[in-house]
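Dear colleague,

Please find below the structure that I am handing over to you. My notes on what was found in it follow directly after.

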Amino acid sequence: MKKFEYIVTELMGIHARTAGMLVKEISVFESSIIIERNGQTANGKRLMALMALGVRCGEKVTFMIEGTDEEMAAIKLEAFCRENL
């Protein structure tokens, strides 16, 4: 299992547009990708679950990635977060 933490810098947090982009990015991987915020978790491949986390600017999220392509998924998702979140 790979894990990384990211502090959201997008002023609007993870809102509809950014959540949609993130789900699209996550969906290309076979691995299970769980996103956690303040003890709540969401399947990263489910838009509504991700939106329900209500992540705001300045909050920390943890990505937990497990599966056959976890190494590549972690690298790509960390880069995605730095560029978009």
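The protein chain carries 11 positive and 12 negative side chains, and the centres of these two sets are 5 Å apart. Here Lys and Arg count as positive and Asp and Glu as negative, while His and the chain ends are not counted; each charge is placed at NZ of Lys, CZ of Arg, CG of Asp or CD of Glu.

Please note that this is a predicted model, in which local features need pLDDT of at least 70 and side-chain atom pairs count only at pLDDT 80 or more, whereas totals for chains, interfaces and linings use all residues. Residues are numbered from 1 along each chain as its sequence is written, and side-chain values use heavy atoms, with hydrogens and water left out.

Fold and overall dimensions

The protein chain contains three helices and four strands, in the order β-α-β-β-α-β-α from the N terminus. These elements are DSSP runs numbered from the N terminus (helices: H or I, at least four residues; strands: E, at least two). Along the principal axes, the C-alpha atoms fill a box of roughly 35 × 20 × 20 Å.

Core

Of the 85 residues, 41% count as buried (under 20% relative accessible area; exposed is over 50% and partly exposed in between, with a 1.4 Å probe and protein chains only). The largest nonpolar core has 24 residues, and those with the most contacts inside it are Leu22, Ile33, Ile35, Leu50, Phe63 and Leu77. Such a core is a set of buried Ala, Val, Leu, Ile, Met, Phe, Trp, Tyr and Cys residues joined through side-chain atoms within 4.5 Å. Helix α3 gives the largest share of this core, five residues.

Beyond its neighbours within four places in sequence, Leu50 is in contact (heavy atoms within 4.5 Å) with Ile14, Ala19, Leu22, Val23, Ile35 and Ala42.

Two individual residues

Thr18 lies in helix α1 and counts as buried because its relative accessibility is 1%. With neighbours within four places in sequence left aside, Thr18 contacts Glu10, Gly13, Asn84 and Leu85.

Asn38 is placed in the loop between β2 and β3 (40–43). Its relative accessibility is 63%, so Asn38 counts as exposed. The phi of Asn38 is near 50°, a positive value in a residue other than glycine.

With kind regards
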